[in-house]
Amino acid sequence: MSFERDVELLTTEAALCEPVPASRLELMGPDRERFFGGMVTAAIEGLEPGTGRFGFITDVRGRILASAAVLTLDYRLWLEIPKGRGRTIIEHLEKYIVTDQVEILPLGDMASVRIGGPKSAEALADLGASAVRDLTEPWSHTQVEILDYQARLVREGHSPVPAFSLWQSSAIAPLMADDLAEAGLQRVGREATEALRIEHGHPLWGVDYDDANLPQETGIEDAVDFEKGCYLGQEIVARIHYRGQPARRMCRLTFEPGHSPSAGAEIEFDGRTAGTVTSVSPSPRDDAAIGLALLPRRAAEALPGARVQVDGRNVSFEPLAPET
């Protein structure tokens, strides 16, 4: 496999690609939607089974404890959150259960197989998952049979190319992936999916931002519904939205040809430290490397054409447009 070949497959065909490492939780009980609706920035109450949303689980200060893709099923919610955050989020949520009839369980035996590319829906339909044609909205999902496997098929949001995940038992997922490869889907490496993610400007919790950050700093604007009911930290998040600006903004970096710093490299602006490079990758389009970083407002709002410095070299940057 080569980087160029993988990018070509992902942008013109369909391919098996590595899913972002994730943990999964299940919420059950008659109060599950009302309770979790008070913990997340997305509007999830009243969603029909087969639909979903992406939001942030926030604390009382409005800080992001985890990102969460929320899938609504009959009698339960499934959450996909960053890898390793399961126990922390369960403990956080359980602190706020008073009289609510809700149970929170880990789905530790579940994994996913990911198919991406503009022809991914066509490829899945050809392999038997014809219901993929009904999944037109981000985070919509349904049960399918594909190559004699039963799986929950999810249309991903925030992807630089159309992408779908097949949620399956962690013991069976590798076997499913092997059979999909034998059926003709080619595998691509993580480097290509990372390059397209960074170019697309989608930051990841635990990589580009964490529990020190507020929702508006990420640039993922559709993760917050400003018309929904109350949730933990809403007052602070709303105050920033209506009255102020976040202290930092997620920005896309473009490095000079031949300059490819490591993640964690220090960024300087106007002679002062301005953060660190959080993600870096070869560009999928040319010879320059690209990256992501949280930059202070004084840098993010500088005059067009402003530069920051990494390793003593100039780096151009642009704040991410709100992701919708």
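Trp139 sits in the loop between α4 (120–126) and β8 (141–146). Helices here are DSSP runs of H or I with at least four residues, strands are runs of E with at least two, and both are numbered from the N terminus. Before I go on: this is a predicted model, where local features need pLDDT of at least 70, side-chain atom pairs count only at pLDDT 80 or more, and totals for chains, interfaces and linings use all residues. Residues are numbered from 1 along each chain as its sequence is written, and side-chain values use heavy atoms, with hydrogens and water left out.

Back to Trp139. Its phi is near 70 degrees, positive in a residue other than glycine. Buried or exposed? Trp139 is buried, at 11% relative accessible area. Buried means under 20%, exposed over 50%, partly exposed in between, with a 1.4 Å probe and protein chains only.

Next, Leu147. This one is in the loop between β8 and β9 (149–155). Leu147 is not a glycine, yet has a positive phi of about 50 degrees. Leu147 is partly exposed, at 32%.

Now helix α7, residues 234–243. Which residues are buried there? Gln234, Val237 and Ile240. Down the axis of α7, the buried residues fall within an arc of 140 degrees, so they line one face of the helix. That arc is taken from the directions from helix axis to C-beta atoms. The face turned away from the buried side carries exposed Glu235, Tyr242 and Arg243.

Last, cysteines. Cys17 is buried at 8%. Cys251 is buried at 0%.
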